[in-house]
Amino acid sequence: MGSTIEQTFGRRDLIKRAALLGITAVPTTGLLSGCAASGGAGQQATGAKSAANPLGVAEIAPLDVVIFNGGFGDAYAKQFETMYVKEFPQAKVSHTSTQNITGLLQPRLNAGDPPDVVDNSGNQQIKTDILQKAGQLTDLTPLLDTPSIDDPNKKIRDTLMPGTIELGTVGGQFVLLQYVYTVFGLWYSGKLFKQHGWSEPKTWTDFLSLGGEIKKRGIAPFVHQGKYPYYINIAIVDLAVKNGGTDFLSRLDRMDPTIWEEGPAKNAIEAIYEIVSNNYLLPGTNGMTHIEAQTAWNEYKAAFIPCGAWLENEQLKATPSDFEMTFMPMPSLPGDKMPHQAIRGGANEPYIVPKSARNARGGMAFMRIMLSKAGATAFAQTANSLTVVKDGISPDVKLRPGTQSTVTALKAAGNSVFNPTYMYDYSAFDVDMGNSSAELMANRIKPAEWLSQVKAAAVKAQKGGS
Amino acid sequence: MRHHKYPFIIGFLIAPVGLYALLMLWPYLQTFGYSLTDWNGESTVMHVIGLKNYSTLFSDSVFQQALVHNLLLLLLLPVITIVLALFFAFMLNVGGRGGTGGVQGVRGSSAYRVIFFFPQLLSIAILTVMFEAVFRSDASGLLNGILVKLGLEDSQHPVEWLSDPNTVLWCILAVTVWWWVGFYLVYFSAAMQAIPKDIYEAALLDGAGRVHTFLRITLPLLWDSLQTAWVYLAIVAMDFFAQVSTLTPGVAYGGGPNYHSEVLSTYLMRNFLYYGKSGYACAMGVVILFLTLVVSLVALRSTRRVRIEF
């Protein structure tokens, strides 16, 4: 049989394949420059400014809304759209929801015909710093200076949660409305606690002794999303920040390695290690994905779990109807600089108005509706999450128990809300710390080793810059 | 007539070769170019820093660990997969009880062939979901559940397969072997069927058993196919991205616990996208490319033998 020909071709083919599997790092610069290419925007629609229409929206101009259809769904946006039409009855609103923001947005940006307001989120979001540098984003400062819908004597900037403006500022301009406000802490089932007569532990000592009680009932006191050390890192860092106060937080964010030799970090990691040494972990938790761990928790196999406020929406289907999901702050350690009520909280989920949008003013008016109490309430009811609107939800509104408990906790926290940002600036450090935390939770290293490993990672991060 | 041959050939080749150069060779050259810079992947600004990325690479302990894992997989994956596939293929084709009908496979061999091939039809995403359930770290996992039921394990201390530094790499290897055995079984079966039956019959008449038939006839006549399988599997062993990034713990693209399942491709991706060290990741890509080339060439050279025509 014609074996020689077959052989030579076969071999060439193999080397080709070898090369193919090597790496295909296609540069993304083409994508970036594409954003800058536009500019030939059409005429922007404007209307007369008035008390009822402070942004000067053209009342007849259609509004084009694009929503990322992710964890929050897109039903809430339809409610905003209804409110917009109520305000501008002549306007025609078009609603698009997608999981591929880049695929949808990029050609439209390049054609100079972008939508008027976009929820630029998800895996396929366009990096906002790139959009900002390419001059594609409308400066939203006028929105901040517009009176709020609920109180004409108050500017919108005074109705926002602290940190919202800072987190939405890119390159010195306020261009992103980070709309969703997420708090982080521990969660438990109100039903389980009532059933056994347990009460929410305020201090770590109480937490540990309650853990003993819980264990006696055959329930594991603690479960975490072990496959992703992100979650246990939140618990560790929050304990340390509450213990060391703002001084610890600012040194953490600027990657000062000496904090890992001092009290707060040591207290925090030793406290967490007590969960391991007391055998409080749900068996197998260190290998569980977030869904496996959270579902086990929903099945009453474990009492406490660390997570952000998206937990309720994420577990909607797995949660029994009488579960009474409840949020609580990380318990206090002796000598804490921050009060027990202090929690981690911050804004995320960026909304933008593209610069060349035909109805950019309408886009901002849409955001103004989002930032009203009615908007915030609609979001909390439909997407089960809080927004950056301060006290945005009136007390008579019925929310899901988990969301309701975060409203209560946030109110109790007052100004004691902190939001570490080191993980965005030092991602390699974050990974290293996660690895050490996973080792500690699996009892393969002790707190002293954790501290020295994390310190070494901080030294490395400080040198490497990222 | 002869001098018309080349324009004719070029006319046919210009489009595919052009595409190949544009979509394959040019990105490689670009990757090499980027590997000499401190590009962060998200901006057009970069500085040429010479071979610094390469020198950093060789003192990077995680990179070394990943390299060791890839080399270990490179040794084990082809051997285990080929031995298993050969064994099954032999049993399905010539391993049956030789009655008066001569040479045949075990009973129901065509059904087995379909069953064995089935894993190849699954996409890696489905594979991941399935093996997450198999290796689940508590007693609800398939493997742990069986071990608990058999009394070999305490449900309070289950094996955290994919989060245990001692087991994670073996689990990933097992998944990959399971995934590929069926494919090579079918591949070797096809090659075995090309071997004339009369050779086997002659061997049977001379009183050769299964082991002898296999070692003296099947194996030598399959050498070309084995060689091909070896190279392909070596390339698979240099990759492992999908399995490691989806099944193992860790912040971006798995590789955990604590780098115990890190492979070159996952470390590359983490540097490229997550750490923003894209220039450094490109240097890694260049190293992987050359390693894969060397491995393929070595595999091809060292397995070259005299062909037997039949």
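Q: By class, which residues does the lining of the second largest cavity have?
A: In this predicted model, that lining has four nonpolar, four polar and four charged residues.

Q: Which residues line the second largest cavity?
A: From chain A come Lys227(A), Gly287(A), Thr289(A) and Glu292(A). From chain B come Glu132(B), Phe135(B), Arg136(B), Ser137(B), Leu162(B), Ser163(B), Leu247(B) and Pro249(B).

Q: And how much space lies in the second largest cavity?
A: The second largest cavity holds about 90 Å³ of space.

Q: How many cavities of 30 Å³ or more does a search of the whole structure find?
A: The search finds seven.

Q: What about the largest cavity: how much space lies there?
A: About 100 Å³.

Q: Which lining residues are the closest to the centre of the largest cavity?
A: Of the 16 residues that line the largest cavity, the closest to the centre are Gly226(A), Asn286(A), Ala438(A), Pro249(B) and Pro257(B).

Q: How does the lining of the largest cavity divide by class?
A: Six residues are nonpolar, eight are polar and two are charged.

Q: Changing topic, where is Asn120(A) placed?
A: Asn120(A) sits in the loop of chain A between strand 3 (117-119) and helix 5 (128-133).

Q: Is Asn120(A) buried or exposed, and why?
A: Asn120(A) counts as buried because its relative accessibility is 0%, and the cut-off for buried is under 20%.

Q: What is Asn120(A) in contact with, leaving aside neighbours within four places in sequence?
A: Asn120(A) is then in contact with Ile101(A), Gln125(A), Ile126(A), Thr128(A), Leu131(A), Pro350(A) and Ile352(A).

Conventions:
Residues are numbered from 1 along each chain as its sequence is written. Chains are lettered from A and ligands numbered from 1 in the order in which they are written. This is a predicted model: local features need pLDDT of at least 70, side-chain atom pairs count only at pLDDT 80 or more; totals for chains, interfaces and linings use all residues. Side-chain values use heavy atoms; hydrogens and water are left out. On a 1 Å grid over the protein atoms alone, a cavity is a set of points where a 1.4 Å probe fits but cannot get out, and a pocket is an open set with protein on both sides within 12 Å along at least five of seven lines; lining residues have an atom within 4 Å of a point. Grid points are joined across faces, edges and corners, and a volume is the space filled by probe spheres set on the points. Ala, Val, Leu, Ile, Met, Phe, Trp, Tyr, Cys and Pro count as nonpolar, Asp, Glu, Lys and Arg as charged, and the others, Gly among them, as polar. Helices (H or I, at least four residues) and strands (E, at least two) are DSSP runs, numbered from the N terminus. Buried means under 20% relative accessible area, exposed over 50%, partly exposed in between (1.4 Å probe, protein chains only). Contact means heavy atoms within 4.5 Å.
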